[in-house]
Amino acid sequence: MRGGVRMSTVMTVRDALNRAIAAEMRRDPRVFIYGIDVADHKRIFGSSRGLVEEFGPDRCFSTPLSEDAMTGFGLGAALNGLRPIHVHMRVDFMILAMNQITNMLASFSYGAGGFKVPIVIRAVVGRGWGQSWQHSKTLHSWFAHVPGLKVVMPARARDARDMMIAAIRDDNPVVCIEHRWLYDVPGEVPDEIDPNALSGCRVVREGTDATVVAVSWMVVEALKAAEVLEKHGVSLEVVDIRSIAPYDGDTVAASVRKTGHAIVADYDWVHCGFGAEVATGIYEQCMGALRSPVTRLGFAEAHCPCTRPLENAYYANAIDIIRAVEKKLDRAEIDLTGEEFYSYEKKFKGPF
Amino acid sequence: MKDATIVNRHSRPGLSSVRPHAVPAVQLHECGPDGDAALQLDLYRKMYLIRAAELLIQKHYPEDEMKTPMHMSMGEEAIVVGICHALKPDDQVLGTYRSHGVYLAKTGETDRFFAEMYGRASGCSGGKAGSMHLFAPQAGLICTSAIVASHIPVAVGAAFANKVAGNGRVVAAFFGDGAIDEGAFWESLNMACLRKLPVLFVCQDNGFAVHTPAAERHGYRDIAAIVGQYDCTVFASDSTDVHALHGLAQDALRAMRKDERPCFLHLKYYRYLEHVGVFEDFNAGYRPRGEFEAWQSVDPLRLQRTRLASMILEEQIRDAEARIERQVQRSLEKAREAPFPEVSALCGGVFA
Ligand SMILES: Cc1ncc(C[n+]2csc(CCOP(=O)(O)OP(=O)(O)O)c2C)c(N)n1
Ligand SMILES: [Mg+2]
């Protein structure tokens, strides 16, 4: 509080998304939200809470199980002036809509004489719980590969609020990929809204020895690694990517020029993944300043297995980041006994 | 096209897919003389195996050692047993993430089943798949999928291959009333009817996709009547009597052989537990407990036990039940003691 004026509020990522959507629906009667189970009592892990009550079943509704057709439905509604928000409980179900997304939505404003396509597609990604390979993909690089789609992955509550508002106001299709483990994480959300929230990376922790470029949940893992490494005299800089497309390579390059080392902690498969894009940008901009090749971390080259010991090995985490940093800096392995890391049972409770 | 629009209704006609499911009138089908007792006991044993295995899962799931999302079969036992028992051993089946019943009805085994629930190397998929992806190719269970309707076209292709091979095998695809929302269902049905493939489409209609009732997803009244316009034979039933459903399946298979075309079964049942998980969810407000209680009066196991009691000694029934209980208990204990897969298994099997 300054002079009796509130400057920020602490809220979870779930509430930040929920409030952003509700506020935009209040502000703009053209906005509506729909998707499988959007209006049931679980409300997409609580993120669509209160919307059907406040805005009624014409602006918040559950749909038949018809991902591709419901995406085309959104396009049609957008062409005629509405601003749809389409929700998928898992990104894996959104794959069924790839035709409409890539063949129709993405190219529409390019070829179709001045049409705008103000659609937000929200997709939840998860982890843990033994849900195995059909409920655990991320695929941001698939979407980001296609011109005409914006792809964002907020990790902090303030970004969740600002990016959702900006996405709804944007006149282009915006894919918002939300990690469920982040939903419960509280963070400071300033009263002021960032109107340019859809682009730009953020340095979320400053450091001097190495840079970790992190995507979504990996921001949490990177901050954990930084916390552990700090106790051993290593200073890690953590960059939260936030937006996959458009991608802000300049912020990453500035950080890597300072530290000389870069690790991309992606939340997807490595081969042909977003990390390759980041690495190329670093090579293009920081060749002379690099003191080691860029390291890429991500999912193992397999399908997400159900059983926990294999699932744990499938995901990269803070420990992998720590080991990668040690290698780069030519330091001995830190004894990590006694350190607590995150798991399905022990999730990050914040705040950021 | 012969009789394309005739729907064979095995119990009360005219039931539409409007919620709530009306409880079917209890009307045990008459059994033949003595020789039938063996069949009736077999049907009961198979249902009892499914129920006993799931009651055990229900008991131990809260210990959090079975780290896999459970979609329980409780309530649908008569359907899966009635149909699987009518199939020849080398006929093939495909199912959804809710396939405990299908797996157990097809295989009768519980060692590999429980090991998979516990994520152990001795599981039917080495622990990699979990509850949502049960496989038993040697028993004809060639695919289960947790992407709704994605297995239905696979069934049609498998039937095509069987037809090409001339091996006389039938392929049964089990799916829910949510799957018929998806284009993949209609496209598959069309192809199967067009090419006159030996596919038995089994729609297990529990009136809900997760929590969203059919009335909020279906812009039509009667799926069976619509499918009746395709070049296939259609049967509809709301019976929970395994003997009746077994007879229906036999009729269906006979019709398939005689007319050399697919068959579609629209079968109603009541899902006893929450969509995913081992608990009741009547306090969530989307369906009343009274409905469940009404369906309890026609619980498939209860009906079949009543029938058996008039055919064989109570002692014989108890003996059969006790054997099954010992079997599942032993399997559970073995699974808990079995080792997890080695981490080196993580990337094995990605390619054949
Ligand atoms: C393509 C796809 N969309 C959405 C989901 C999420 N989902 C899982 S089960 C389910 C409901 C399916 O209902 P139904 O087919 O009736 O089967 P039931 O669970 O009732 O057995 C939904 C929507 C999914 N798994 N796949
Ligand atoms: Mg259903």
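This note goes through the predicted model point by point, from conventions to chains, domains, core, interface and ligand site.

1. Conventions. Residues are numbered from 1 along each chain as its sequence is written, and chains are lettered from A and ligands numbered from 1 in the order in which they are written. The model is predicted: local features need pLDDT of at least 70, side-chain atom pairs count only at pLDDT 80 or more, and totals for chains, interfaces and linings use all residues.

2. Chain A, overall. Chain A has 12 helices and 14 strands. Both are DSSP runs, numbered from the N terminus: helices are H or I with at least four residues, strands are E with at least two. The C-alpha trace spans about 60 × 50 × 45 Å along its principal axes. The radius of gyration of chain A is 20 Å, which agrees with the value near 20 Å for a compact globule of 352 residues. That radius is taken over C-alpha atoms, and the globule rule is 2.2 Å times the number of residues to the power 0.38.

3. Chain A, burial and contacts. Of the 352 residues in chain A, 54% are buried. Buried means 20 or more other C-beta atoms within 10 Å of the residue's own; exposed means 12 or fewer, and partly exposed is in between, with C-beta atoms placed from the backbone. Among contacts in chain A with a separation of 6 or more, 80% join residues 24 or more positions apart. A contact is two C-beta atoms, placed from the backbone, within 7 Å.

4. Chain B, overall. Chain B has 11 helices and 9 strands. Its C-alpha atoms fill a box of roughly 55 × 50 × 45 Å, taken along the principal axes. Chain B also has 352 residues and a radius of gyration of 20 Å, in agreement with the globule value near 20 Å. Buried residues make up 49% of chain B.

5. Domains of chain A. Chain A is divided into domain 1 (11-190) and domain 2 (202-329). The bounds come from an automatic or database domain assignment. The C-alpha centres of the two domains lie 26 Å apart. In their contact, 22 residues of domain 1 meet 22 residues of domain 2. On the domain 1 side, α6 (140-144), β6 (150-152) and β7 (174-179) each supply at least two residues. That side has 12 nonpolar, 7 polar and 3 charged residues. Ala, Val, Leu, Ile, Met, Phe, Trp, Tyr, Cys and Pro count as nonpolar, Asp, Glu, Lys and Arg as charged, and the others, Gly among them, as polar.

6. Core. The largest nonpolar core holds 214 residues, and V212(A), A214(A), A222(A), A265(A), I321(A) and A173(B) touch the most other members. Helix α8 (217-230) of chain A gives the largest share, 10 residues. Domains 1 and 2 of chain A both contribute, so the core lies between them. Such a core is a set of buried Ala, Val, Leu, Ile, Met, Phe, Trp, Tyr and Cys residues joined through C-beta atoms within 7 Å. Beyond its neighbours within four places in sequence, A214(A) contacts V219(A), A222(A), V238(A), V239(A), D240(A), I241(A) and A265(A).

7. Chain interface. The contact takes 34 residues from chain B and 28 from chain A. The chain B side divides into 17 nonpolar, 11 polar and 6 charged residues.

8. Ligand 1. The shell has 20 residues; the closest are F93(A), V148(B), G176(B), G178(B) and A209(B). Near means a C-beta atom, placed from the backbone, within 6 Å. Residues from chains A and B surround ligand 1, so the site is shared between chains. β4 (171-176) and β6 (208-209) of chain B each supply at least two shell residues. By class, the shell has 13 nonpolar, 4 polar and 3 charged residues.
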